[in-house]
Amino acid sequence: MNVQNYWLEFLTVALVHLLAVASPGPDFAVMLRQALTQARRNALLTAMGIGIGILLHVGYSLLGIGLIIQQSVMLFTVLKVIGAVYLLYIAWHCLRAKPGAIHVQANGGQAQTGWAAFRLGFLTNALNPKATLFFVSLFSVIINPGTPVLLQAGYGIYMALATGLWFAMVAVFFTHPRVRRGFNRFGHWLDRTMGGILVLLAGQLLLSTVSGSESPSVPSPGMDR
């Protein structure tokens, strides 16, 4: 296998992934809230969870399960509904924030276990149907079917690491004491705003499910992340 023959393909994958991971969506909304209301350790664990979630999408894409999801309207509809319900669950907790209930400090806000922080990031990414569309599109349109599976897996590992690193940088920046002090006065409004954004994203998913405007059979070049 001559790896040099696949450099252009890898650079294309890296560029598309960069544009996708940097765009706003559930992952970023959850990561921002974690970084501003939790200890840096928990924020970094959430970033790690999001990165590991990428490996789930890569795994089923490599196994061909992504193509099954792509061809099945029912399966994709179920995935969208589950994803929307989970976003609404997170949003509900955000919208319940009251003045004084969240006080952003350098050592973190509300207590949260490391496992809960990691799980939040993982499930937010894993249950994001937009991520499913992105990876199905990536592995069926951009990545050549003739590319060795080992190399495709390498692409996936790169995207998981790049995603985790990106959100780790977000975590480090927004857990900086000076940044956090700027949010001390309106920490509860931040929570409510994040909750509102997640409600809108969940509503968009449910609306597309009812209207059928987003078909899994048509690959999408990007992802709202």
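Reply: Happy to! From the N terminus on, the elements run α-α-α-α-α-α-α-α-α-α. The model is predicted, so local features need pLDDT of at least 70, side-chain atom pairs count only at pLDDT 80 or more, and totals for chains, interfaces and linings use all residues. Residues are numbered from 1 along each chain as its sequence is written, and side-chain values use heavy atoms, leaving out hydrogens and water.

Me: What makes a stretch count as a helix, and how many helices and strands are there?

Reply: Helices are DSSP runs of H or I with at least four residues, and strands are runs of E with at least two, numbered from the N terminus. The protein has ten helices and zero strands.

Me: Why are α2 and α3 called roughly antiparallel?

Reply: Axes are lines fitted to C-alpha atoms, for helices over the stretch in contact, and angles between N-to-C directions run from 0 to 180 degrees. Helix α2 (residues 26–37) and helix α3 (residues 40–62) pack at about 165 degrees, with axes 8 Å apart. Under 35 degrees counts as roughly parallel, over 145 as roughly antiparallel, 65 to 115 as roughly perpendicular, and the rest as oblique. The pair is therefore roughly antiparallel.

Me: Which residues of α2 and α3 meet?

Reply: Contact means heavy atoms within 4.5 Å. On the α2 side are D27, V30, M31, Q34 and A35, and they meet N42, A43, T46, A47 and I50 in α3. These residues divide into six nonpolar, three polar and one charged. Here Ala, Val, Leu, Ile, Met, Phe, Trp, Tyr, Cys and Pro count as nonpolar, Asp, Glu, Lys and Arg as charged, and the others, Gly among them, as polar.

Me: What makes α3 oblique to α7?

Reply: The axes of α3 and helix α7 (residues 129–142) cross at roughly 45 degrees and come within 10 Å. That angle makes α3 oblique to α7. By class, their contact has eight nonpolar, three polar and no charged residues.

Me: How do you know whether M159 is buried or exposed?

Reply: Buried means under 20% relative accessible area, exposed over 50%, and partly exposed in between (1.4 Å probe, protein chains only). M159 has 0% relative accessibility, so M159 counts as buried. This residue lies in helix α8 (residues 149–174).

Me: What does M159 touch?

Reply: Leaving aside residues up to four places away in sequence, M159 touches V13, H17, I54, V58, F135 and L138. M159 and V58 are 101 residues apart along the chain, and their C-alpha atoms are separated by 9.1 Å.
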